[in-house]
Amino acid sequence: MSPAARDGAGFRIAGAGAATAVAALVLLPLAAVLVAAGGAGAGPGPGDGAAAAFTLLQALASAALSVALAVPLARALARRRFPGRAALVTLLGAPVLLPSVVAVMALLAVFGRGGALNAALAALGLGPLRVYGPQGVILAHVFFNLPLATRLILEGWLAIPAERFRLAAALGFGPAEVGRHLERPLLATVLPGAGATIFLVCLSSFAVALILGGGPRATTLELAIYQAFRFDFDLGRAALLAAGQLVLCVLALVLVGSVALPAGFGAGLDRSVARHDAGGLLLRLQDGAVILAATAFLALPLAAVVAAGLPRLGALPPAVWAAAARSAILAVAAAGLAGTLALAIAAGRARGGGRWSEAAGVLPIALSPMVLGTGLFLLVFPLADPAALALPATAAVNALLALPFALRALAPAVAAAEAAHGRLATSLGITGGARLRLLLLPRVRRPLGFALGLAAAFAAGDLGVVVLFAGGATATLPLEMFRLMGAYRMEAASGAAVLLLLLAFGLFAAFDRGGRLGTRA
Amino acid sequence: MGRAALALGMLAAGLAALPAAAAAETPAAPPALTVYSYDSFVAEWGPGPAIRAGFEARCGCTVRMLGMGDGAALLARLRLEGARSPADVVIGLDTNLSAAAAATGLFAPHGVAAPLDLPVAWDDPLFLPYDWGLLAFVHDRARVTAPPASFAELAASSLSIIIEDPRSSSPGLGLLLWVKAAYGEKAGEMWQRLAPRILTVTPGWSEAYGLFLAGEADMVLSYSTSPAYHRIAEGDDTRDWARFAEGHLMQVELAARLAAAPNPDLASAFLAYLVSPEAQAVIPTTNWMYPAVMPAAGLPAGFGDPPPAARAIFLPPGEARALRDAALAEWLAALAR
């Protein structure tokens with residue numbers, strides 16, 4: 001075997017190992033719940049068909065709308081340079097990292113019955129808009145996912161080498177030709193993946209869908225799982241529903257895999273682009289309007305959260321600050337783990353690893369957090385005190401939950417780096433650690449920073465499994481915030497929400513900006 | 001070389017000190033009682049810390065209090081752990097859960113014979129009440145000037161309400177049983193009449209109450225003791241609860257000893273302490289419920305003394321469990337339209 005082939009094998013083995021570990025961490029807990037239940041529970045009930053249909057429809061609508069709105073926004077951000085652009089791109093990371101209850105309160109502060117929008121409409125003599133219903137569910141999911149979709153598409157846009165745009169300029173391409181020859185092929189590679197990711201996120205929606213959906217009409221599969229656990233303590237049924245959710249996820253992935261196209265833009269020198277095709281007044285107005293509208297839609301609810309909670313920040317109980325420190329450590333650990341796994345899987349795949357490894361990396365998104373946490377608990381309990389493992393288990397689960405996003409951000413960049421420079425590196429005998437250090441890491445810094453930031457922020461904001469493992473001094477910041485809410489202390493909780501927003505956003509921005517240092521993005 | 005020798009010496013000294021420290025601790029190590037409860041009980045602003053300190057002062061033991069979600073999460077955790085659970089005592093089940101809890105066989109008789117001040121006679125050998133409350137719709141007096149006096153009036157009004165989902169929340173399940181207890185065969189019909197009044201349904205109490213305080217709805221399903229929190233902790237007298245002619249479902253919060261408790265005697269002593277005047281005096285202004293044993297000084301000012309015991313509808317645990325599934329089906333049918 002030649003050194004180059006051996007080297008590729010190393011990457012493939014690392015990728016397969018990481019993917020196997022992830023698949024085991026997803027499937028073993030599910031199996032543990034099934035075993036504890038003594039087999040699959042009662043088959044689908046009368047409400048389950050409706051829940052599955054609602055779950056699918058809202059996820060499809062949310063994904064389609066998020067992606068459709070993200071395209072003009074990403075295009076505007078890709079071809080405009082303006083003061084505050086870098087900050088805006090970072091701000092795009094904020095909504096997705098909000099805990100769902102904070103996001104709901106934030107949206108209602110603007111769109112709710114007593115929100116700013118209805119107050120403004122009333123001043124104009126117009127009737128109130130009703131947010132509760134399918135429109136509310138989709139509004140919330142677009143709020144969460146439009147920024148994510150925009151970032152994923154923007155990464156793709158910036159991956160078109162500047163040389164292609166120069167060539168286009170030399171050939172005298174106008175906006176229409178740039179669209180046909182560069183942008184549309186790009187979108188064909190990026191949109192299916194971004195849409196599928198968002199579809200999968202929305203599949204496991206529960207609290208947001210119920211509250212903004214206005215009641216049991218908005219029952220999702222995740223709520224049915226919750227009910228099986230909490231109302232009926234029917235573990236078999238919970239496991240069966242969770243398995244159903246996983247099957248939906250795999251089907252969606254297969255579908256996307258069959259429509260996604262490989263990119264074919266070739267290599268470039270990573271210089272930033274001065275776009276020749278975007279100078280027209282109409283285009284400038286259009287992009288400006290898109291950017292303004294999106295910023296208002298995303299920033300106003302966030303501003304409402306900050307305005308409500310900022311004055312309470314100083315009076316927070318000490319336990320909240322201790323929990324914030326715990327959450328920060330947890331977040332960095334989860335980010336490190338998610339980043340390592342994603343890099344291993346992406347690099348293995350780029351060196352010829354199996355397609356299944358990438359699919360395994362996306363699986364965690366579709367497993368009910370409730371089933372995942374309960375299964376892990378069942379696995380851990382006979383061996384160790386779950387309360388003592390609350391934080392490591394939470395970090396591991398959060399790394400798993402962030403992995404699909406990290407992978408979505410990283411995989412295209414790793415594949416592009418290998419496609420563009422892999423042969424040269426191989427012919428120079430650059431293998432193993434040197435290849436990682438010299439070829440991959442420098443070229444995936446941006447998406448890696450984004451992926452790490454996203455993972456850290458998710459982990460900081462997730463209420464998730466820490467509840468199932470909880471013990472003494474293990475409360476995280478989201479849990480502490482929820483405890484304040486559960487004890488009437490809504491004002492203190494709003495302070496904790498701001499602290500959480502600052503922490504999650506600070507972590508995200510630090511990683512994300514770190515990845516973009518020295519690049520123009 | 002010298003530095004390495006120093007480091008080795010320190011390491012050796014440290015290793016030598018380890019067993020010595022362990023030995024010094026072992027004979028004095030007091031027994032540790034493990035208490036499972038829900039999150040808001042163990043929080044630093046809940047009743048947990050004071051009750052733990054009070055019991056530790058008299059038991060010569062240490063108390064480890066673990067908070068896990070709410071009452072239903074607590075029971076689920078105990079069922080997952082089964083007989084291997086390290087818990088001695090559980091605090092935070094309620095009468096909607098206790099029939100299912102009793103059927104697990106995980107609990108042992110509490111053996112506490114303290115006289116209780118409940119609106120109903122209590123003789124359950126397994127579950128010991130430590131506080132109780134009435135479910136009620138809470139409103140802002142300035143916004144709802146003429147609060148409805150019954151479910152029928154609420155249904156006929158133009159008020160908006162927020163309720164909790166019975167599938168994921170204990171007060172939500174309570175409301176289901178409340179309507180069922182008050183309307184029996186006609187409960188489904190009442191839900192159809194109430195449906196237009198329901199602004200939305202939340203997974204838990206916290207989201208519902210948060211939305212209510214943010215001004216999203218006129219009323220929220222909570223407890224008759226909720227206004228006391230605003231009065232006492234915030235000096236805000238603008239909230240009140242609507243008195244319903246049908247009566248109000250009584251939620252009794254329960255503690256129990258695990259059959260497999262590692263420290264059964266300490267567990268019994270803890271339960272006896274939980275209903276002692278000292279511990280009960282902590283309950284009203286930390287858990288915001290009526291105490292199971294009325295303190296000699298009565299309820300704190302702001303609570304409304306005496307508790308509205310005459311309005312209580314008590315649904316025995318067995319009956320609550322029997323009604324549950326049919327009531328849920330009616331609720332879903334009425335609201336899913």
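The model is predicted, and the secondary structure of chain B comes to 14 helices and 12 strands. Of the 337 residues in chain B, 51% are buried.

**Overall build of chain B**

- Taken along the principal axes, the box filled by the C-alpha atoms of chain B is roughly 85 × 45 × 45 Å.
- When contacts in chain B between residues at least 6 apart in sequence are considered, 78% of them join residues that are at least 24 apart.

**Helix α8 of chain B**

- Helix α8 of chain B spans residues 187–194, and within this helix B:A187, B:M190, B:W191 and B:L194 are buried.
- Seen down the axis of α8(B), these buried residues fall within an arc of 100 degrees, and they therefore line one face of the helix.

**The side of chain B that touches chain A**

- Contact between the two chains involves 39 residues of chain B and 41 residues of chain A.
- On the chain B side, at least two residues each are supplied by α2 (39–42), β2 (62–67), α4 (71–81), β7, α9 (205–213) and α14.
- The largest share of this side, six residues, comes from α9(B).
- By class, the side of chain B that touches chain A has 20 nonpolar residues, 10 polar residues and nine charged residues.

Technical notes: Residues are numbered from 1 along each chain as its sequence is written. Chains are lettered from A and ligands numbered from 1 in the order in which they are written. This is a predicted model: local features need pLDDT of at least 70, side-chain atom pairs count only at pLDDT 80 or more; totals for chains, interfaces and linings use all residues. A residue is buried if 20 or more other C-beta atoms lie within 10 Å of its own, exposed if 12 or fewer, and partly exposed in between; C-beta atoms are placed from the backbone. Helices (H or I, at least four residues) and strands (E, at least two) are DSSP runs, numbered from the N terminus. The arc is that of the directions from the helix axis to the C-beta atoms. Two residues are in contact if their C-beta atoms, placed from the backbone, lie within 7 Å. Ala, Val, Leu, Ile, Met, Phe, Trp, Tyr, Cys and Pro count as nonpolar, Asp, Glu, Lys and Arg as charged, and the others, Gly among them, as polar.
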